[in-house]
Protein chains: 2
Amino acid sequence: MASYNGSISSYLLISLLVASWRIYDGGKILVFPLEGSHWVNMDILIKALHSQGHTITVVRTTQSWYIKEESLHYSSITIPVIDGVEFEEFVKPIVKKVIDIERGTRSVLNFIHLQIEMFSTMSKVHRLECDMATAVLEDKDLMKTLEENQYDLVLTDPAWGTGILVAHYLQLPLVYNVRWITSGEGHLAIAPSPMSYIPMTGSGLSDKMTFTERVKNMIFYLLWEVQYRLVIQPHYQAVCDEFFQPGVDFYELLQGADLWLMRVDFVFEFPRPTMPNVIYMAGFQCKPAKPLPQELEEFVQSSGNYGVIIMSLGTFVSEFPHDIADVIAAAFAQLPQKVIWRHKGDRPATLGNNTLLVQWMPQNDLLGHPMTRLFVAHGGTNGVQEAIYHGIPVVGLPLFFDQYDNLLRLKKRGGAKLLSMATVDKDNNFLEALQEVLDEPSYRTNMQRLSRLHRDVPMEPLDTALFWIEFVMRHKGAAHLRTESYRMPWYSYHSVDVVLILLAVVVVLILLLVAIVRYLSIRSCLKIKIKSE
Amino acid sequence: MASYNGSISSYLLISLLVASWRIYDGGKILVFPLEGSHWVNMDILIKALHSQGHTITVVRTTQSWYIKEESLHYSSITIPVIDGVEFEEFVKPIVKKVIDIERGTRSVLNFIHLQIEMFSTMSKVHRLECDMATAVLEDKDLMKTLEENQYDLVLTDPAWGTGILVAHYLQLPLVYNVRWITSGEGHLAIAPSPMSYIPMTGSGLSDKMTFTERVKNMIFYLLWEVQYRLVIQPHYQAVCDEFFQPGVDFYELLQGADLWLMRVDFVFEFPRPTMPNVIYMAGFQCKPAKPLPQELEEFVQSSGNYGVIIMSLGTFVSEFPHDIADVIAAAFAQLPQKVIWRHKGDRPATLGNNTLLVQWMPQNDLLGHPMTRLFVAHGGTNGVQEAIYHGIPVVGLPLFFDQYDNLLRLKKRGGAKLLSMATVDKDNNFLEALQEVLDEPSYRTNMQRLSRLHRDVPMEPLDTALFWIEFVMRHKGAAHLRTESYRMPWYSYHSVDVVLILLAVVVVLILLLVAIVRYLSIRSCLKIKIKSE
């Protein structure tokens, strides 16, 4: 059985506390989080829920490396797994391949090769996730404990599916902290998404497309569909078939969540159809900057009027090819600004005196610092949202996943310039990009405008998220916000059957009319003939 | 020229005041309202905007009977019209016809007859509206004044189109206080609306339909489309063609509003796709009950434990056939409750001592009174929203427009029972309906549940509406919330062209493959033949 973190006495104490919390509406929440940057988001939500008096139980595995077993804000249940989902392990070879492709020949063959690599990685990740789901559902003692605990809802990130499966088993309301589902961008599962103006992730397209771009977008959509139907869905469906009654479809379970707390808003995302149970909470992790550590503040202040550039390529790209690092360092060295660079590899030979290498940086506090002029970023959602919140222009170096698309959204609003790894070391590209964004005031103006729009909301995103999570607890779900139309077969949903029947009726009526006219004209012809004879 | 309400000196004073208001964010709003119950809504919004320090100018006609020329909350511009839109005048014969049909034979022929009557009424109403729009746009002095006034936005009810046309002329941000557009329910213009689960107004269907119902729904959709394209659109398009550059499409102007403040929410409406620039403000007119006038309070108190029933059939149905009134009065007389009935016709012969006839009633205060047990209503949006707000069960007597559909939404949630005029006077139907809703606790429980859901929002609906109107003023529009996808031709929007191209490529590839296989097999056959010879 899974180990429950905490002795029986502390469990009793917690139960008593919960009983008293109930009086002021404290609920019990079961959380199935994801690792990596997804956990960074979820942890903020958990802390906020905890501060509202809710009791949170987090389900993790023995291989979780971000999600700690002990926390002041939650208790945890640890699932023993042997071959766990070490996401970083999967991603590293892909990062390498992407950089190789970017720097080598960008052929269709290479693209297909990369796609196959991605498919196989995705398949493995979701197979391991399903192994975990099976381990949880098979553990009778654990499931009994979960049932007895009488949670008010399951909170999960639906990019992976265990939380969805367990919520169905326990018949609990389901709330997502979501940007991605197992089959692509979150909206695709529940909101109508015309491929004519909803750009697919990875396509690098915007909401205004030429005919050729719309063809490309449709091909990307078909690729995602193939990946989901052939590579991902079978793993989850197998779990459904094993543990639930026949006819339970995993995708319908996924679509059936009460609430979708989306980590986007329409300052960032292109306008698109949405649903009543989608709540936008982009930037819920952003907050005003705190003062910097003294040493860092001194370094920032030493930049004088020129200001500071900060650079971070996120969690996965801690190291990259020496020659690129050298080009980047050399470009920084030519600028009058000071630079703070989160870099884990060897010290580049061309590093200037104005550049400080750090292993970690207080990114939010630096972005919110009045002397920060520019953010060199890989385009992860968290970083992009923080850039919007603080109104800092971006030079983007995207690699994979949604990074290019995230940065494209800033670029389309005039707040960012994008480079690829393939061109970053050619013809002073990087230096010119930095200089353009630093010198051309429109980049800053546009990011400041996005920041104003993003902050001009009737309620803070985190408070909005908390309100709606508690709403689901108060009303035991949000059925009235949720359409069940997705349960219709596709031909009914799209009225294909109705249109065919109506067309058939019209055709029959026309044929009848033609037959009658013919019959009448033949008869009158005959009559004329008979008469004339 | 249109008369401007107020002398030059008072105009100057207002201008000065406006200048000082600007300092604390007071804006200038130009309002094109509708008459009747639509004005009741708009007036509440205007008062709230006025109380926030905004200056409001209302455009009315010499024939406006609800919209007064003088008000503490707005100044007005009166357009002289000879043959004005006297809506009540149009509606009365339709009311009569509907009652006749309801009570006579409900045949397909009668339905078609009624549809033609409705079409011709709609055509006349919109033609007169377009005459008004033309009068406004032709009046050079008026348009100059409007331009010089530098309004921050146009606020209108898009069931009629003058506000839309003037906003385009003045190039001003456009905000709707909306439930209906010229072509049907508001969402239909901008949000994807699959006919498989979005019931058309007038169809009397819910969001869960059988195959036959879906066919019926599609027919209703086609009827609305025909009505709009053939009967309504041509009037407005003619105005566009006269005053704007070629290629300006009226429907695109209608779709292009910055913000849609919808007078529904998803406690009332079935869940459906929506758009980022749709803001739900259902019940923004509802407020806690004020104490009743002493006489009325005494009457209510005299009901003892039995409580009170209130009945109102809205503005248009002030009088209806004597025999029906007699049946209703007789049914009321048999109940132990007290009844307050808003009734303008002759005193029914069967009226009981427990029933008080009134010409007008403080409906909101009565619905919010703790002794009110039941609301007999025609199903207008305002009344239905007030019933939800106060959690009072309903017996519905719908006649036309959206009334049946509004009540159906309560019925589907178990909060109302519906009768038609055709059956109200048969077999004690009315009395039984009253008794069922009074005696069966589920009706009240369900309405109370709707009330709780409706009130459980992070922000009051009126405050939400105000926030977003001011948002549009602060940011001079809300372009980032608005897709322009509606400008695509339909075959592009629905990706028909893309699908055809992809299919063509697939077909060509298959044909090529077949050709190659044939060629190869023929060649090998020939070789074998040659060899064997």
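The model is predicted, with local features requiring pLDDT of at least 70, side-chain atom pairs counting only at pLDDT 80 or more, and totals for chains, interfaces and linings using all residues. Residues are numbered from 1 along each chain as its sequence is written, chains are lettered from A and ligands numbered from 1 in the order in which they are written, and side-chain values use heavy atoms, with hydrogens and water left out.

The contact (heavy atoms within 4.5 Å) takes 46 residues from chain A and 46 residues from chain B. Between them an area of about 3,900 Å² is buried, and carbon and sulfur atoms give 72% of it; buried area here is the accessible area (1.4 Å probe) that two parts lose on being put together, summed over both. More than any other three residues, B:D456, B:P458 and B:H480 contribute to the area that chain B buries against chain A, supplying 15% of it.

On the side of chain B that touches chain A, the elements giving two or more residues are α7 (211-243), α15 (441-455), α16 (461-475), α17 (490-493) and α18 (496-532). Helices (H or I, at least four residues) and strands (E, at least two) are DSSP runs, numbered from the N terminus. The largest share, six residues, comes from α7(B). By type, this side of chain B divides into 29 nonpolar, eight polar and nine charged residues; Ala, Val, Leu, Ile, Met, Phe, Trp, Tyr, Cys and Pro count as nonpolar, Asp, Glu, Lys and Arg as charged, and the others, Gly among them, as polar.

Four salt bridges are counted between chain B and chain A, a salt bridge being a side-chain nitrogen of Lys or Arg within 4 Å of a carboxyl oxygen of Asp or Glu. In one of them, B:R474 pairs with A:D456, the closest N and O atoms being 2.7 Å apart.

Over all chains, the count comes to 29 salt bridges. A:R179 and A:D402 form one of these, with 3.1 Å between the closest N and O atoms. This pair links distant parts of the chain, 223 residues apart: A:R179 is in the loop between β6 (174-178) and β7 (180-181), and A:D402 in the loop between β15 (394-396) and α13 (403-412). Both residues are buried, where buried means under 20% relative accessible area, exposed over 50%, and partly exposed in between (1.4 Å probe, protein chains only). In chain B, the side chains of B:K144 and B:E148 meet in a salt bridge at 3.3 Å, N to O. These two residues are separated by about one helical turn because they lie four residues apart in helix α5 (residues 140-148). Chain B also holds a network of salt bridges that links B:E252, B:D258, B:R482, B:E484 and B:R487.

Returning to position 274, A:T274 lies in the loop between β9 (259-262) and β10 (278-280) of chain A. A:T274 counts as buried, at 5% relative accessibility. The side chain of A:T274 makes a polar contact with the side chain of A:Y280 at 2.6 Å. Leaving out residues up to four places away in sequence, the residues that A:T274 touches include A:H187 and A:A191 in chain A, and B:P273, B:T274, B:M275 and B:P276 in chain B.

Notes
Polar contact = N/O pair within 3.5 Å; in protein donor to acceptor, adjacent residues only side chain to side chain.
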